[in-house]
Amino acid sequence: MSVLVFIEHREGKFHKGAFELVSYASRIANDMGTSLVALSLGDVPSDELSKAGAYGAGKVLNVNDSRLSQLDNAAWTKVIEQAVQQESATVIVMASGFTGKAIAPRLSARLRAGMVAYATAVPSSYNPFTVRKKTFSGKAFSDVVINTPVRIITLAPNAFGVHEAPVTAEVKQFTPSVTDADFTTKVESSEKFSGKVLLTEADIVVSAGRGMKGPENWGPIEELASVLGAATACSRPVADEGWRPHTEHVGQTGKVIAPNVYFAFGISGAIQHVAGISSSKVIIAVNKDPEAPIFSVADYGIVGDVQKVLPQLIQSIKEVKAQ
Amino acid sequence: MNILVCLSNVPDTTTRIKLAADNSKVDLSGIQWVINPWDELALTRALEIKETTGTLVGKVSVAMVGKTEVEPTLRKALAIGADDAFRVDLDPADAFQVAAELAGLIKANPYEIILCGIESSDYNGSMVGGMLSELLGYTSISSVSSLSLQDGKVALTREIDGGKETISVSAPLVAIVQKGIAIDPRIPSMRGIMASRTKPLSVLASCGSPSLTSFGNFSLPVPKSACRMVDAENVPELVRLLHSEAKVI
């Protein structure tokens, strides 16, 4: 028996999201009195792989097969299935991001393993196996009971945090049995948004809405994000108007995020928007309308003109950072 | 080729969620039901493809797993422009049961392109499309933000962590679509609404698939304490609070 955690790297390095996942899976393995195995696909140096040990993974499996360098849902599912079988894993943990969404449900159907997506905590009970998740895009939580011997959990981003639990990780190569016929997805070209903080992983998010009046006014938003090392985001009308890309849209039909700090500039706070940000730890709202619903979920607020407040805020934060 | 769009029936996105007295379920009274927003975009894109590719696409069908109360939502999809509809007569317990019932439907009525929204706005599982593809043994592409037919292949764009990819695959496939797949969802025209009344809506018996999970208690997020207001003339005070009180900057 074991817990298997699937971790992703970017250009051969693990980031916070991967370590949060290992921390989460390590707590479950500990609760169940079993061992934790991490699985990583792709070209990752062995000293990087062994970093998973700092968060509780006693074994790290690496598959270095160039055919797996790009996401192929069916082929990746087959690889993970073989690792699950080799390690006799009864719990499989993945991130709830793009890869998790693509792979975890396929794996669930393949293994007939019940799945909970967007889990917000470790299981509240192991018998019956019960995991809390967000439902109605954060407007409610549900306790889901998994009734199968093998269980799959995808963790909502920033829901658990990174916790050190150092063990020595044994790094092992894993060679799954896949044939060329297993690969059906041909990637013609790819585009990376390099140098940017990933919205779903960001500690701080600077977001703006229609109160910005037009895309030409986004300079101070970008500047504040850069001063804070934050990701930028926007409300739905802004993405729909084409002022900002859809990838930045947070809310019920966009991305659901849970950063430490969420700045909302010129966002009224419609219920669909709030659903996507309500798990943020500290929310700061600036809006000219004192009745804007965003103030009912914010921790700190300023009623005022965003164009006037932003430059002062940037200046003041720079001064604090310089101290 | 034919396109099937899998639909989910969800509370309107402006719904305030209330729970039943014993917290065992969501209080569904007074809720307005709509087509899941992503599914509605998928249907819109399917119709755009059918209309712009001549005779290439024979028909666009829609399917849903649910009891008779979901039929108004299926009729709406027919009013938007779907050619016919299937309803699998079962109140599903979880995503796996939905996927398995849809797989049964597709095995009996094959489709080359199957579109699913990336998640439903009620249970937010992002599971049905992926599970369905595995049960059918089809290629699946997730987080799809554009889809078109090109030289007998399906060309797609998918979002990945920190980027996007252009992909080419052969049918049959399950495409799991997100925002961007269509600009705005189509709204039924008066003519569409009239036509929808006579379009075929087939009711199929459940194939008896199992569920793998069950829902226990529900709870609501804890309300926040009052917002601390700072004067617009005193922005540095906000920064001071964030630095020394909230300790986030």
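Colleague: What should I know about the model before reading any feature?

Modeller: The model is predicted; local features need pLDDT of at least 70, side-chain atom pairs count only at pLDDT 80 or more, and totals for chains, interfaces and linings use all residues. Residues are numbered from 1 along each chain as its sequence is written, chains are lettered from A and ligands numbered from 1 in the order in which they are written, and side-chain values use heavy atoms, with hydrogens and water left out.

Colleague: How is the size of an interface given?

Modeller: Often as the accessible area lost when the parts come together. Here buried area is the accessible area (1.4 Å probe) that two parts lose on being put together, summed over both. Between chain A and chain B that comes to about 6900 Å². Carbon and sulfur atoms give 59% of this area.

Colleague: Which residues of chain A lose the most area to chain B?

Modeller: F98(A), F136(A) and Y300(A). Together they account for 12% of what that side buries.

Colleague: How many residues does each chain bring to the contact?

Modeller: Chain A brings 83 residues and chain B brings 75 residues. Contact means heavy atoms within 4.5 Å.

Colleague: And how many polar contacts and salt bridges cross between the chains?

Modeller: The rule finds 31 residue pairs in polar contact across the interface, both residues at pLDDT 80 or more. A polar contact is a pair of N or O atoms within 3.5 Å; within protein, one must be able to donate a hydrogen and the other to accept it, and residues adjacent in sequence count only if both atoms are side-chain atoms. Helix α4 (residues 98–111) of chain A supplies eight residues, the largest share of the side of chain A that touches chain B. Helices (H or I, at least four residues) and strands (E, at least two) are DSSP runs, numbered from the N terminus. That side of chain A has 36 nonpolar, 27 polar and 20 charged residues. In this count Ala, Val, Leu, Ile, Met, Phe, Trp, Tyr, Cys and Pro are nonpolar, Asp, Glu, Lys and Arg are charged, and the others, Gly among them, are polar. Five salt bridges also cross the interface.

Colleague: What does a salt bridge within chain B look like?

Modeller: D84(B) pairs with K59(B), the closest N and O atoms being 2.8 Å apart. D84(B) lies in strand β5 (residues 84–89) and K59(B) in the loop between α1 (37–52) and β4 (60–65), so the pair ties together parts that are 25 residues apart in sequence. R87(B) forms a salt bridge with D89(B), again with closest N and O atoms 2.8 Å apart. R87(B) is buried at 3% relative accessibility, while D89(B) is partly exposed at 30%. Elsewhere, shared partners join E81(A), R106(A), R110(A) and E134(B) into one network.

Colleague: Where does S96(A) sit, and is it buried or exposed?

Modeller: S96(A) is in the loop between β4 (89–95) and α4 of chain A. S96(A) is buried, with a relative accessible area of 6%. Beyond its neighbours within four places in sequence, S96(A) contacts K101(A), Y118(A), T154(A), L155(A), A156(A) and P157(A). A polar atom of the S96(A) side chain lies 2.9 Å from the backbone oxygen of L155(A).

Colleague: How covered is helix α4 (residues 128–136) of chain B?

Modeller: Mostly: eight of its nine residues are buried. Among them are M131(B), L132(B) and E134(B). Just after this helix, G137(B) takes a positive phi of about 70°.

Definitions and conventions: Salt bridge = Lys/Arg side-chain N within 4 Å of Asp/Glu carboxyl O. Buried < 20%, exposed > 50% of the residue type's maximum accessible area, 1.4 Å probe, protein only.
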